[in-house]
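Biologist: I'd like to learn how to read ring contacts in a model. Can you walk me through them?

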Amino acid sequence: MTKPERVTHRSTEVESDPLEVHAPMSPLSDTPLLIDDGSRRTLERARGADHVVLTGPAGCGKTALLSTFGQPIVVDDGHFLGDDEVDRLLEEVDAGGRLAVAHRTWPDNRALARLVGKLPGSVVRVQLRPLSRGHVRSLAARVQGTEVSEEFAELLHERTGGTPGFVLDELSRDPRTAFARHFDGLSVAAHDVLLALSAGAPFDVGLLAAVLALDLGVVSESVEALRSAGLLRIDGTPLAVAADAIEAYAPAEQRADMLRKLALNQADRAEPVAGYARSLLDLGVADPGLADVFVAAGQEVIDDDPTFAARLFTLAGTGSSALLARARALSGDLDGAVSVLDLEHADADALLVAATALTLRGQVGRGGELLQRSDNGLALGFAVTGLLGAGRLEDARTVQSGARSHLARSLTDTLGHRLADVVLGTVTGSPMAAVAAAVATAGVNQAGARAVVQPDSPTALAALICVHAGELTVARSLLAKAVQDDGGRGLHADRHQLLLACVELLGGDIEAARRLSRPGLAREPREALLAAALELGITRRGGDLRALSAAWEPAQQALVVHPVDLYTLIPLTEIAVAAARIGQYHRVETHLNEAWTLLADLGDPPLWSVLPRWNAFHTALLLGDHGSAKEHLAILDDAANALPFARALSLAAHCWSRAGLGDVDHARVEAAAQELHAHGMRADAARLAGHAAMHTTDRKAMTRLLDIARQFHGSGGQSSGGAEVLSEREQEVAALVRDGLTYREVGDALFISAKTVEHHVTRIRNKLGAKNRRELERALEDVDLS
């Protein structure tokens with residue numbers, strides 16, 4: 001009897017031999033890159049077995065490993081064996097032949113099972129597994145002849161699933177062409193299933209059958225074939241290399257048709273469709289039959305990508321105009337948002353969009369008027385906010401009364417009612433009760449707030465109320481969380497960041513304020529005014545008068561285009577202080593008079609009045625207008641019983657005025673500075689102590705007050721401000737001059753002549769832009785010389 005031929009079957013997968021890049025595989029010591037430690041131990045046992053059965057998906061190295069065994073009978077692609085071939089092989093084995101066979105896990109071949117089941121002697125089964133990340137990195141290094149990074153290896157492992165053959169394809173000169181050979185043995189149905197899954201279809205056999213017009217059994221078989229070919233993970237997601245290759249070789253028309261079917265099917269099932277919509281648009285598919293898909297996709301992405309949502313709503317047609325307006329507003333295109341609205345027949349959402357555009361452009365009162373037409377609780381809440389911001393107290397009360405007569409039907413209605421109560425409470429009720437209510441309201445309905453179009457955010461309003469009440473720590477906490485949650489996105493993200501910068505500036509942390517303010521961005525008038533005021537405030541505290549003059553014009557222009565309202569009094573009065581410092585007060589005087597009239601129309605509410613009056617008090621002192629300073633001080637005194645912050649500012653203002661006249665009660669000054677510090681006004685506390693130290697004749701008190709000033713300067717994280725332009729010696733001279741010492745006394749303290757001190761002072765004045773001794777003293781008040 002003659003010995004039968006060795007039987008070898010090869011499928012159309014034609015696995016490239018990974019050993020070509022690894023050196024011969026006969027010794028197991030040469031194969032660490034292809035198999036894991038568990039498989040290595042199994043292979044060691046297989047060397048001494050009568051028969052070896054290798055199992056694994058395509059590309060895992062079965063063909064290469066077969067050549068390393070000494071069995072005379074080698075069978076590749078055993079999953080394709082027929083009964084006749086199995087009979088021949090069994091005859092060989094019965095005659096004493098030893099067999100090594102490799103096969104995939106699918107299809108389930110009964111003939112192969114019969115062969116393996118009847119093998120005599122010892123049989124070792126080896127299940128080949130994907131490579132680890134470390135082995136992939138080593139394999140890549142050997143192929144490329146150089147070390148590769150962990151990041152590269154991680155990406156390579158993720159894309160290929162660790163299958164050795166796929167790794168080699170990915171490292172070849174033309175990865176997609178090299179990989180395409182793995183599709184050759186697939187049926188048309190399997191090809192379509194892979195394309196659908198690569199296009200984002202969920203792993204749902206029923207859905208795939210419906211979309212591809214296939215029987216459930218055919219889809220299930222196709223899935224098994226794809227897994228056996230190594231192209232699908234166990235969870236049904238395609239390997240990235242397989243998805244890229246199938247999409248690259250599928251005709252665009254086929255991909256577009258597949259995406260269209262998937263998108264429509266998923267839209268009918270109310271499942272996510274944004275990914276399909278984006279892919280369809282990338283292929284240039286935007287037919288009217290996909291309107292529902294585009295609307296659903298736009299609603300999915302409006303929070304994170306309002307610009308893309310606006311594009312989708314535009315393609316969907318006129319039926320989505322309100323959605324389009326909202327998306328354009330969230331993306332910053334206010335003109336485009338308003339242009340698609342029919343305000344005559346607008347619903348609450350449309351009215352909110354229009355009112356938001358008006359408010360961001362400085363027309364807070366007009367926005368409030370527009371929202372009166374709504375029956376939506378949130379819109380009416382912002383109607384009250386807008387009317388009150390314009391000083392129209394009675395109109396605001398009327399709207400609030402009407403809103404409260406309707407029961408809240410949703411969480412947004414509840415938020416609207418709370419907003420109306422809060423803002424009115426800041427004017428007509430207890431200031432601190434209003435602060436507590438505002439903080440509580442800030443936490444309502446904030447989930448998904450980035451996608452809401454409204455004139456302001458509850459968080460911004462609450463923080464602004466806290467700032468006016470001297471609760472800077474609370475305001476900072478609210479705004480820091482909002483900035484983190486915003487992630488730089490959302491209609492009010494910039495407002496949150498600017499208000500946080502304002503809090504840091506008032507607290508004395510100039511560097512933090514500068515970092516947050518981001519000057520130079522294109523902004524709507526409301527935020528442009530706040531940003532310009534911040535730039536002036538930061539520059540003024542730096543003590544550089546030349547820089548202050550350069551920053552003046554943008555601020556003045558921002559002020560001109562934004563009417564005075566209740567919510568912009570802090571930037572207005574910050575600009576006024578800077579204007580007084582550089583001789584431009586006449587250009588803001590009218591605006592300040594309008595602010596005082598607005599507050600008077602509201603009954604001069606303490607919460608909204610005291611911080612603007614504090615700034616105005618200092619403006620008057622800079623102008624030498626002691627009559628106006630007394631008027632502002634009187635209003636601070638009147639508010640002292642209603643608001644703790646007013647009491648602190650009143651005490652500080654009195655100390656400041658008396659110190660300017662040479663009357664320094666150092667214990668009273670220290671108490672006033674401590675109160676300012678307790679309210680977070682660290683920089684103002686330091687300035688008060690330093691101002692009093694300059695005007696006292698008691699050297700012991702001066703030393704004590706200077707220590708307090710230095711302590712408060714350091715506690716706020718403040719930078720040196722204008723001090724960085726001065727030399728070390730100039731800073732020493734400036735500190736003593738600011739403390740009120742004469743040139744001779746400064747010279748005695750520093751062991752230099754009075755003439756040398758005079759030369760130093762001249763250079764200091766030139767660097768800080770001060771024209772005379774009075775301007776120098778003012779500039780040095782804001783410079784950290786601690």
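Biologist: How many aromatic pairs does the structure hold?

Modeller: Before counting, note that this is a predicted model, where local features need pLDDT of at least 70, side-chain atom pairs count only at pLDDT 80 or more, and totals for chains, interfaces and linings use all residues. Residues are numbered from 1 along each chain as its sequence is written, and side-chain values use heavy atoms, with hydrogens and water left out. Rings of Phe, Tyr and Trp (its six-membered ring) pair if their centres lie within 6.5 Å; planes under 30 degrees apart are stacked, over 60 edge-to-face, the rest tilted. The structure has four such pairs. One of them is Phe179 with Phe183, edge-to-face at 5.8 Å centre to centre and 75 degrees between the planes.

Biologist: Why is the pair of Trp614 and Phe617 called stacked?

Modeller: Their planes are at 25 degrees and the ring centres 6.3 Å apart, so the pair counts as stacked. Both residues sit in helix 33 (residues 606-623), three residues apart, about one turn of the helix; helices here are DSSP runs (H or I, at least four residues), numbered from the N terminus.

Biologist: Is Trp614 buried or exposed?

Modeller: Buried means under 20% relative accessible area, exposed over 50%, partly exposed in between (1.4 Å probe, protein chains only). Trp614 is buried at 1%, and Phe617 is buried at 0%.

Biologist: Which ring does the charged end of Arg613 sit over?

Modeller: For that, NZ of Lys or CZ of Arg must be within 6 Å of the ring centre and within 35 degrees of the ring normal. Arg613 sits over Trp596, 3.9 Å from the ring centre.

Terms used. Helices (H or I, at least four residues) and strands (E, at least two) are DSSP runs, numbered from the N terminus.
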